[in-house]
Amino acid sequence: MPAHPDSNLYPEASGPAKVLVNQHRAEQPLKLYAGWFCPFVQRVWLALEEKKIPYEYIEVNPYNKPESLLTLNPRGLVPTLSTPADPHPRPLYESTVILEYLEEAYPDHKPRFLPEDAYERARARIWIDYVTSRIIPSFHRFLQYQSAGSSGQNADAGLNEARQEFLNHLKAWTKEMHTDGPFFLGEDISLPDLVLAPWVVRLWVFDEFKSGGLGVPREGEGGSDEGIWSRWRTWLAAVESRRSIKETTSDLPHYLPIYKRYADNAAQSELAKATRAGRGVP
């Protein structure tokens, strides 16, 4: 059977992430089946690190799915969590489901990622869903956009439309942030931050691969939206400075070929195929 076209990727975490992986090789009841390159994996990895929950990191290539992963998750996708239970461990998958599980199953591990107040907790979930249902699909429509034979102004118009759709979603999300922050819900990092963070630390892909780049206005150049973009920059700086973000990120050169395939609309991941078909996150 021919190899999956995306399977020839760098096989393991590198840089700061490799150091962290090496610290979590030992056997633990809680096991994270992960791909170093995957932003959905990074969501869960961030939560484990922020909460200091003991776990075993198991690197897999989801395009060459090992039997151990398929036994836990028939779809063979990462992240997949093997959770401790008698008589046998039980699997969980889907990153937002895993995040809520960690919040509920490890109540003594701080920080807490959701508010105590029922209304505020529900509101946080609205904006968690917004990331997955609106921001991530628009991120990929922008990244995977192709001119389809158009040239000149027509090609630019299509790309600019995809860019503006993405920026509009970022603005809508930012408007809902706590006024002072620096994080979405206030002083402390929370689930809304964790679900978006892996994509914002990959925003460099637009400057790398798309004509005109990301398009977020520079400081002082946001016009009537300057207040929104100022709040965005505060949030972005707070996220990028987190130790958990730095230590779950691999060396940039190993991401480049992966995201070039997305930018060329040649990637064959489930998300890339869903984007081409006009669907949301699969």
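Predicted model: local features only at pLDDT ≥ 70, side-chain atom pairs only at ≥ 80, totals over all residues.
I started with the spacing: the centres of domain 1 and domain 2, taken over C-alpha atoms, are 24 Å apart. The domain assignment puts domain 1 at 15-106 and domain 2 at 118-277; such bounds come from an automatic or database assignment.

Residues are numbered from 1 along each chain as its sequence is written, and side-chain values use heavy atoms, with hydrogens and water left out.

I looked up the contact (heavy atoms within 4.5 Å) and found 22 residues from domain 1 and 31 residues from domain 2. Together the domains bury about 2,300 Å², 60% of it on carbon and sulfur atoms. Buried area here is the accessible area (1.4 Å probe) that two parts lose on being put together, summed over both.

Next I checked for salt bridges, meaning a side-chain nitrogen of Lys or Arg within 4 Å of a carboxyl oxygen of Asp or Glu. The rule finds 3 of them across the interface of domain 1 and domain 2.

Which helices supply at least two residues each of the side of domain 1 that touches domain 2? I noted H1 (15-22), H2 (39-51) and H4 (95-105). H2 gives the largest share, 9 residues. Helices are DSSP runs (H or I, at least four residues), numbered from the N terminus.

**Salt bridges one by one**

Searching the whole structure, I got 16 salt bridges. In one of them, Glu50 pairs with Arg242, with the closest N and O atoms 2.6 Å apart. Glu50 sits in H2 and Arg242 in the loop between H9 (226-240) and H10 (243-247), so this pair ties together parts 192 residues apart in sequence. Buried or partly exposed? At 10% relative accessibility Glu50 counts as buried, and Arg242 is partly exposed at 25%. The cut-offs are under 20% relative accessible area for buried, over 50% for exposed and partly exposed in between (1.4 Å probe, protein chains only).

I then looked at Glu100 and Arg125, whose side chains meet at 2.9 Å, N to O. Glu100 is in H4 and Arg125 in H5 (residues 118-144), so they link parts 25 residues apart in sequence.

Glu247 is partly exposed at 26%, and Arg243 is partly exposed at 36%. I also jotted down a network: salt bridges that share partners join Glu27, Lys31 and Glu56.
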